[in-house]
Each structure stands twice: as C-alpha cells, then as structure tokens.
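Please open the model in a viewer and keep the selection tool at hand.

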Amino acid sequence: MNNKNTGYILSISGNMISVKCQGPIIQNELGYILSGEERLKAEVIKIQGDTAYMQVFEDTKGLKVSDVVEFSQEMLSVQLGPGLLGKIYDGLQNPLTVLAADYGFFLPRGVDIDALDKDDVWNFIPIASVDEVVIPGQPLGYVNEGIFKHFIMVPFNLSGDFTVTDIVSKGEYKTRDIVARIKDKGGNQIELDMIFNWPIRIPIDAYKRKLIPQDPFISRVRIIDTFFPIAKGGTYCIPGPFGAGKTVLQQLTSRYAEVDVVIIAACGERAGEVVETLRKFPEITDSRTGKFLMERTIIICNTSSMPVAARDASVYTAATIGEYYRQMGLDVLLLADSTSRWAQAMREVSGRLEEIPGEEAFPAYLESRIARFYERSGVVELISGEKGSLTIGGTVSPAGGNFEEPVTQSTLKVVGAFHGLSRDRANARKFPSIEPLESWSRYKGFIDPDEVKYAQKILFKGNEVNQMMKVLGEEGTSLDDFLIYLKAEFLDGVYLQQNGFDEVDASTSLERQEYMFKKSYLILIAEFSLNDKDEARKIFFELRQLFIDWNYKEWNSEEFKHQEKLIDDFINKQK
C-alpha cells in the first residue's frame with residue numbers, strides 16, 4: 001500500500017468523517033473508505049493541517065475509527081461520452097437501472113458501476129484529418145446519438161495545441177476503442193477513445209466566448225412566455241409551497257419546451273414524486289420527434305431519503321452533463337427540483353463541520369454556492385462558430401410558502417426570472433399557479449412590451465377592485481371599476497391559465513400565443529356600452545367561455561377558425 005495517498009479515520013459524525021492523512025491531498029479529492037469488502041466513496045471538503053474532512057456518499061453504518069482511506073489523487077468526476085441520453089443516474093452517475101437489474105430493489109452500498117457501457121458500439125464518422133492542429137473541445141468526429149450528432153471532442157482536461165497523428169476511418173467501434181491519437185508540442189502521444197472524465201465542480205470552458213442571453217426560451221406556457229419570459233441560456237426559479245404544482249409545471253416544461261436536451265436533477269425531492277417522474281417519462285411521446293421523450297432526457301435522481309452528500313453532488317453532475325451537450329451546439333434545459341433540499345444538505349454538512357451558521361442555520365456561503373450553480377448557465381460561441389445554450393431552472397420549496405427565507409432570497413439575487421407559485425391560485429384550481437402580481441422577469445419578451453404592461457396594469461387594478469368588493473360588496477363599486485375587475489378575470493381565465501391535461505391547450509406555440517394575446521388585448525382596451533353589472537357579468541361569462549373553447553382547438557384548423565368567427569360575431573354584437 002502506498003503511504004503517500006492513504007490515511008485512516010479519526011472520527012465519524014453522520015455522513016462526515018475526519019481522516020488523518022499520510023501524504024498530500026487536494027480540495028474535492030475523491031477517496032475510498034475500505035470497510036471489509038466495501039469501498040465507500042467520499043470527497044474531501046475541508047483540509048486542516050494533515051486532517052481531511054470528507055463527506056461520505058453512502059450510509060456510514062459499520063464504519064469505525066482507524067478504517068483505512070485510499071485517496072485517488074483525482075477530483076470527483078463524471079464520465080462524458082455517447083450513451084448518456086435516456087439514462088437514469090444517481091448523483092454520482094451510477095446507472096440506477098443497471099444497479100436495479102443486478103441487485104434488485106435494495107441497492108447495496110459501495111457499488112461503483114461505469115456510467116457508460118464500454119461494450120456499446122457506435123458508428124464513428126471522422127471529421128479531423130492527420131496532421132491537423134486541434135485544441136481542447138474541438139471535434140475529432142461524431143456518432144449519431146438519437147436525433148443528434150454526438151461529437152467526440154479533444155478532452156477538455158488537456159491544454160494547448162495538439163497535432164492529430166492518427167484517426168480511424170468510418171466504421172463501428174466500442175466506446176473504449178482508440179479512435180484517434182494526438183501529440184503535444186513535446187512529442188508526447190495521447191490515445192483517445194470516446195469517453196473522458198471531467199470534475200463536476202469545475203465549469204467546462206472549452207469555448208470561444210460566453211454571450212449575453214437574448215433569444216427567447218420558448219416554454220409554450222403562455223403566462224411564462226408572454227408575461228415573465230426566460231432567455232435561452234438564462235436562469236429562472238419557481239418557488240412555491242407544497243402542492244402548488246412545481247413538479248407538474250417542470251414536467252410540462254421539459255415535455256414541450258423548444259430545446260434539444262432536457263436534464264432533470266431530482267436533488268432531494270420526495271421519493272413518491274421522483275418515482276412518478278421515472279414512470280411517466282419513458283411513456284411520454286415527444287411532440288417534437290414523435291419518439292419517446294426519454295430519448296433526449298437525462299435524469300439525475302437523488303431523493304430526500306438518500307445520503308445528503310450525494311444530493312449535493314447531483315446538481316453539479318447535472319450541470320456538468322448539461323455543459324457537455326452545450327459544447328456540441330445544442331440547446332439544453334436543466335431543471336433542478338428542489339434546490340431547497342440541496343441547500344438543506346449544505347446546512348447539514350456545514351453543521352457537522354461546526355462552521356459559524358448564517359440565517360436559519362444555513363451556511364454563510366449559501367448565496368455564493370447558489371450563484372455559482374446558476375452561473376454555469378449561458379449561451380456560448382463554440383470554436384466552430386456555432387452557438388450552444390444551457391438554461392437552468394430551479395424550484396424552491398420554502399417552508400410555509402415564505403418567500404423571505406434565505407434560500408429563496410439568495411436565489412432571487414442571481415436568477416433572471418421569478419415565477420412565484422401561489423397557494424391561493426393552486427387551491428382555486430388555477431394552473432399554472434404562477435402569481436401574476438408578484439412574479440417578474442429581467443428578460444425581453446416577444447410581444448409588444450407596452451401591451452404587456454397594459455395587461456398587467458389591468459390585472460393589478462382588477463385585484464384592487466376585488467379586494468375592495470370583499471369589504472364593500474359588489475354594490476359598493478362603480479360600473480367602471482366592476483368592468484375592470486371582469487376584464488382582469490377574463491384575462492386570467494382565458495390566457496394565464498392552461499389545461500395541462502389537454503393535448504392542445506397544454507402547449508401553445510409562439511405564433512399562437514402572439515395571435516391569441518392580440519385578440520385578448522382587444523377585449524382589454526374595448527369600450528363596452530353596458531347598462532348594469534348583471535349585463536356586464538353575462539357578457540364576460542359568455543366571452544370567457546368562447547375563448548376557453550377556442551384554446552382547445554388545433555391551431556389554424558377549421559374548428560379554430562370557426563370558433564374565432566363566433567368570438568368576432570359576439571364582440572360585434574356588443575358594439
């Protein structure tokens with residue numbers, strides 16, 4: 001045994017151990033605790049003299065003081081290469097389906113399985129040629145992974161210029177077969193297969209430059225795209241109390257959003273919700289490709305009952321895989337559910353390290369950790385000149401729906417859009433239950449901003465009238481005020497809400513959103529000649545139902561045009 005990279009356990013506290021080191025170690029280095037026949041994975045998170053504090057990614061039951069720890073001299077990393085799409089991993093990138101097939105429902109600890117099957121065969125098509133000078137991140141060739149070209153690139157962990165000395169011809173190869181050889185300026189030869197590793201806590205930066213997100217991210221959710229838009233490569237958060245519809249909204253976004261690859265990081269959600277996701281996604285048909293949605297989805301699964309250390313790693317594993325596919329010029333969506341449970345894992349680890357706590361016992365560095373995660377989003381210009389994007393959306397589960405708690409506030413400081421979910425709207429069966437009076441976005445939308453501001457003004461005024469009526473009653477409001485209230489309720493009912501169970505209404509294209517908003521806007525600015533409130537209520541009730549029925553008609557179909565004519569005829573009768 002090499003004494004330079006080993007140590008032994010000094011103390012154990014939950015999933016935290018302190019280790020007396022007998023050689024040099026580095027921050028975030030990976031180590032293995034030898035317990036009988038088991039090798040439990042752990043990560044160095046703090047170094048104090050010759051003592052390393054390590055978080056263990058497995059249950060620590062049965063460990064004892066003096067157990068040997070082997071240090072790998074490598075940082076916690078993920079495998080990157082073809083075959084990631086369609087997989088379900090835990091936070092350490094162990095394929096859960098393979099584990100379940102080999103060991104059944106109860107997964108043993110200490111099992112470490114390759115994330116990518118070395119025996120998988122891919123049809124490799126070379127791009128680079130012999131004597132060509134290449135740099136990290138530059139494609140050498142590609143294989144077809146589903147509907148995408150999966151580029152086999154010069155590994156990002158290399159640096160400098162390299163010359164291609166050999167590259168295989170077009171043909172079928174296993175992932176671990178050598179497909180190219182390159183040499184550095186010193187003449188050292190490097191053999192490359194289709195897989196390489198990358199540390200999860202270090203952002204991938206093998207691109208030309210990072211750009212400011214500007215192009216709209218199309219979620220096909222009307223209230224988001226029209227009122228609180230997201231930019232492609234931007235960030236947003238969805239805070240809300242339990243049962244407000246966070247997970248459902250994320251599932252609909254992942255199904256219908258106009259992106260290439262979807263990565264779901266279930267970082268601490270309850271097992272029941274995660275199981276629902278795992279069961280539904282393989283059965284959902286992708287409206288974009290006609291195939292199964294799972295074929296362009298990756299799920300990183302760590303439930304709240306799993307070790308907190310693995311929960312912490314899961315968000316970084318997801319971000320690294322997202323950056324990897326962004327390097328191929330693809331648009332990637334990363335959904336983290338829920339970042340509150342990730343923050344709670346940080347709080348538990350911080351407590352075991354006996355660090356000085358911040359607000360509500362969260363670590364003082366909570367805000368910087370959250371910012372560092374969301375900063376891994378963005379639009380990048382690649383070496384080839386093409387663009388790729390990584391959009392990050394995280395849900396937050398504040399206790400009691402209190403948006404003033406530290407995790408929500410820390411998140412709001414760094415994201416570009418805030419989609420706050422309302423308990424009252426959820427109870428009223430309004431979906432999505434995004435509160436239009438509190439949510440906001442810093443990104444530019446695709447609809448005339450003046451018209452959107454006017455519509456929001458109607459919503460605010462309508463809410464004021466509604467609050468006033470709760471005190472004074474309907475008879476205590478003027479007809480003009482009552483009309484504003486009806487317009488606000490109309491806009492809420494026909495545009496802000498969508499039926500997630502209807503194939504048509506669950507997803508609204510950009511073109512249809514623009515068309516429908518213009519039609520709704522005409523109602524908001526219309527001058528109605530009304531005699532009393534009963535007449536106003538009747539007219540808006542009928543108008544609302546006509547628009548809701550219109551939402552269920554296929555875009556530009558004959559039924560759609562017929563329903564629109566009914567709406568126009570009804571409006572003309574009121575003039």
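Begin by selecting Y454, which is partly exposed because its relative accessible area is 31% (buried means under 20%, exposed over 50%, partly exposed in between, with a 1.4 Å probe and protein chains only). This is a predicted model, in which local features need pLDDT of at least 70 and side-chain atom pairs count only at pLDDT 80 or more, while totals for chains, interfaces and linings use all residues. Residues are numbered from 1 along each chain as its sequence is written, and side-chain values use heavy atoms, with hydrogens and water left out.

Y454 belongs to helix α10, residues 449-472 (helices are DSSP runs of H or I with at least four residues, strands are runs of E with at least two, and both are numbered from the N terminus).

**Salt bridges**

The whole structure contains 29 salt bridges (a side-chain nitrogen of Lys or Arg within 4 Å of a carboxyl oxygen of Asp or Glu). Select R201 and D312, whose side chains meet in one of these at 3.1 Å, N to O. R201 is in the loop between β17 (196-199) and β18 (209-211) and D312 is in helix α5 (residues 308-326), so the pair ties together parts that are 111 residues apart in sequence. Both R201 and D312 are buried.

Next, select K413 and E367, a salt bridge in which the closest N and O atoms are 3.1 Å apart. This pair links distant parts of the chain, 46 residues apart: K413 is in the loop between α8 (406-412) and β27 (417-418), and E367 is in helix α7 (residues 366-374). K413 is exposed, with a relative accessible area of 54%, whereas E367 counts as partly exposed at 34%.

Then move to D569 and K565, which form a salt bridge with closest N and O atoms 3.1 Å apart. Both residues lie in helix α14 (residues 558-574), four residues apart, about one turn of the helix. D569 is partly exposed at 32% relative accessible area, and K565 is exposed at 52%.

Which residues are closest to the centre of the largest pocket? The volume of this pocket is about 980 Å³. It has 43 lining residues, and G245, V248, L252, F431 and F501 are the closest to its centre. On a 1 Å grid over the protein atoms alone, a pocket is an open set of points with protein on both sides within 12 Å along at least five of seven lines, a cavity is a set where a 1.4 Å probe fits but cannot get out, and lining residues have an atom within 4 Å of a point.

Colour α3, α4 and α13 (533-551), each of which supplies at least two residues of this lining; α3 gives the most, with seven.

For the second largest pocket, of about 690 Å³, select L96, L99, F105, L107 and M306, which lie nearest its centre among 27 lining residues. α1 (96-103), α4 and β23 (297-302) each give two or more residues to that lining.

**Cavities**

Three cavities of 30 Å³ or more are found in the whole structure. For the largest, with about 120 Å³ of space, select T247, I264, A266, T277 and D337, which lie nearest its centre among 13 lining residues. At least two lining residues come from each of α3 (246-256), β22 (261-267) and α4 (271-280), and α3 contributes the most, with four.

Finish at the second largest cavity, with a volume of about 70 Å³. Its lining includes L85, F148 and R296.

Definitions and conventions:
Points joined across faces, edges and corners; volume = space filled by probe spheres on them.
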